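Let's take a walk through this protein model together. Have the viewer open and follow along from one element to the next.

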Amino acid sequence: MEISHKHTLGQAEAQRRFEKHTNLWKKEHGVDVSWNGNQAHLVGKVMGIDIDANVTVGENSIDAVGKDPGFLKKKLAESYLKNKLADVMNPNASSDTITA
């Protein structure tokens, strides 16, 4: 499964926000997150959906490639992730409002 989300925050701010969000996933859902520069590897489960994904935070987009959760959960996973990225990368919202 592949998801790409465009943003206008620049790489540093987008990564700061995405790291904050993944730290909440780690705390609240036990998702394991490892970073190497601007790339993250996430493994765990959120909302009953297994996650095993590589994410690249770029200057103008966040691109994720991960394990397909299967036919029955794919649309739920895509919808959840797209909405979550839109919230986290919203330039009009404070990063203090980021939730898991």
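What follows goes from a pair of helices to the nonpolar core, and then to a few individual residues.

This is a predicted model, in which local features need pLDDT of at least 70, side-chain atom pairs count only at pLDDT 80 or more, and totals for chains, interfaces and linings use all residues. Residues are numbered from 1 along each chain as its sequence is written, and side-chain values use heavy atoms, with hydrogens and water left out.

Start with helix H1 (residues 11–29) and helix H2 (residues 71–88), whose axes come within 10 Å and cross at roughly 130°. Helices here are DSSP runs of H or I with at least four residues, strands are E runs of at least two, and both are numbered from the N terminus. The axes are lines fitted to C-alpha atoms, for helices over the stretch in contact, with angles from 0 to 180 degrees between N-to-C directions. H1 and H2 are therefore oblique to each other; angles under 35 degrees count as roughly parallel, over 145 as roughly antiparallel, 65 to 115 as roughly perpendicular, and the rest as oblique. On the H1 side, the contact (heavy atoms within 4.5 Å) is made by Arg 17, Phe 18, His 21 and Trp 25. H2 brings Tyr 80, Leu 81, Lys 84, Leu 85 and Val 88 to it.

Next comes the largest nonpolar core, which has 23 residues. Such a core is a set of buried Ala, Val, Leu, Ile, Met, Phe, Trp, Tyr and Cys residues joined through side-chain atoms within 4.5 Å. Buried means under 20% relative accessible area, exposed over 50%, and partly exposed in between, using a 1.4 Å probe and protein chains only. H1, strand E3 (39–46), strand E4 (49–57), strand E5 (61–66) and H2 each supply at least two residues of this core, and E4 gives the most, with five. Among the residues with the most contacts inside the core are Phe 18, Trp 25 and Leu 42.

Leaving aside neighbours within four places in sequence, the contacts of Leu 42 include Trp 25, Asp 32 and Val 55. Asp 32 is found in strand E2 (residues 32–36) and, at 45% relative accessibility, counts as partly exposed.

Finally, look at the loop between E3 and E4, where Met 47 lies. Phi of Met 47 is near 55°, a positive value in a residue other than glycine. Most residues other than glycine have a negative phi. Met 47 is partly exposed, with a relative accessible area of 49%.
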